[in-house]
Amino acid sequence: MRPLTDEETKSLFEKLTKYIGENVKVLIDRPDGLYCFRFHRERVFYVSERIMKLSTNIPRKNLVSFGTCFGKFSKNNKFKLHITALDYIAPYAKHKIWLKPNAEQHFLYGKNIIKTSSARLTENTLKYQGIVVYSMKDIPLGFGVAAKSAVETRSADPLAVIVYHQADIGEYVRDEEHVI
């Protein structure tokens, strides 16, 4: 477990900024204590400093996880956000989409969102902006990338893809050996 390098920190914050904007500061400066990001086995963990100090008592080869896994770095140093970060991203999301009840299952099976599946969309959403997906009961289901802006979505074909799937809570069941 080690602190992130400058390049890794930049990559992580760029990805987080795509979804929560300047609210990234809120994740670091919390009233309930000091929190930080740490790198361990190609994964980035969000952890309180108290837990981080306690985890140093465990040998690195035996340490599987500590804190919350936010994502993983690929071989070419690209950061991929994991579904385990959803609980921290959803409250601060700048752009949101709400799905109709009959479309939730399709999204949870890893499918992209088409126009007829959406009930509401945040007005100022831009193309390729990070977007958090909600059910009509305001339960966060996952996140993705907007395939069309909010303006383009209004005039789009009913079967046009408007959000590209990136992660959903169904991954806990489908891909449990890779989710920490």
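Residues are numbered from 1 along each chain as its sequence is written, and side-chain values use heavy atoms, with hydrogens and water left out. Because the model is predicted, local features need pLDDT of at least 70 and side-chain atom pairs count only at pLDDT 80 or more, whereas totals for chains, interfaces and linings use all residues.

## Helix α1

Helix α1 covers residues 6-20, and its 15 residues reach 20 Å from the first C-alpha to the last, close to the 21 Å expected at 1.5 Å a residue, where the expected span is 1.5 Å times one less than the number of residues. Helices (H or I, at least four residues) and strands (E, at least two) are DSSP runs, numbered from the N terminus.

The buried residues of α1 are Glu8, Ser11, Leu12, Leu16, Tyr19 and Ile20. Seen down the axis of α1, these buried residues fall within an arc of 145°, so they line one face of the helix; the arc is that of the directions from the helix axis to the C-beta atoms. An α-helix has 3.6 residues a turn, so residues three or four places apart point the same way. The face of α1 turned away from the buried side carries the exposed residues Asp6, Glu7 and Lys10. After α1 comes Gly21, with a positive phi near 60°.

Strand β4, residues 43-48, is mostly covered, with six of its six residues buried. Arg43, Phe45 and Val47 point one way from β4, while Val44, Tyr46 and Ser48 point the other way. In a regular strand the side chains alternate between the two faces of the sheet. Leaving aside neighbours within four places in sequence, Val44 is in contact (heavy atoms within 4.5 Å) with residues that include Leu4, Leu12, Phe37, Phe70 and Phe79.

Strand β3 (residues 33-40) pairs with β4 in the antiparallel sense over six bridges, two strands being paired if DSSP finds at least two bridges between them. Tyr35 has Ser48 of β4 as its bridge partner. The two strands β3 and β4 form a hairpin with two residues between them, and Arg41 in the turn has a positive phi of about 55°. Strand β5 (residues 68-73) also pairs with β4 in the antiparallel sense, over four bridges, and Cys69 in β5 is the bridge partner of Phe45.

UniProt, in an unreviewed entry, places the feature "domain: PUA" at residues 95-174; its positions are given in the numbering used here, feature names are shortened, and annotations may be inferred rather than shown by experiment. The end C-alpha atoms of residues 95-174 lie 26 Å apart, and the span is 18% helix and 38% strand.

An open sheet of six strands has the order β8-β12-β11-β10-β7-β9, with mixed pairing. Its edge strands are β8 (113-114) and β9 (118-121), each of which pairs on one side only. Strand β7 (residues 96-99) runs antiparallel to β9, to which three bridges join it, and Leu99 has Ser118 in β9 as its bridge partner. Three bridges also join β7 to β10, and these two strands run parallel, with Lys96 standing opposite Val132 in β10.

Five of the five residues of strand β10 (residues 130-134) are buried, so β10 is largely enclosed by the rest of the structure. Gly130, Val132 and Tyr134 point one way from β10, and Ile131 and Val133 the other way. Strand β11 (residues 140-146) pairs with β10 in the antiparallel sense over five bridges, and Gly142 in β11 is the bridge partner of Val133. In the hairpin of β10 and β11, which has five residues between the strands, Asp138 takes a positive phi near 60°.

Ala93 is found in the loop between α4 (86-89) and β7, and at 11% relative accessibility Ala93 counts as buried. Not counting residues up to four places away in sequence, Ala93 touches Tyr19, Ile20 and Val132. Ala93 and Ile131 are 38 residues apart in sequence and 7.3 Å apart in space, C-alpha to C-alpha.

Technical notes. Buried < 20%, exposed > 50% of the residue type's maximum accessible area, 1.4 Å probe, protein only.
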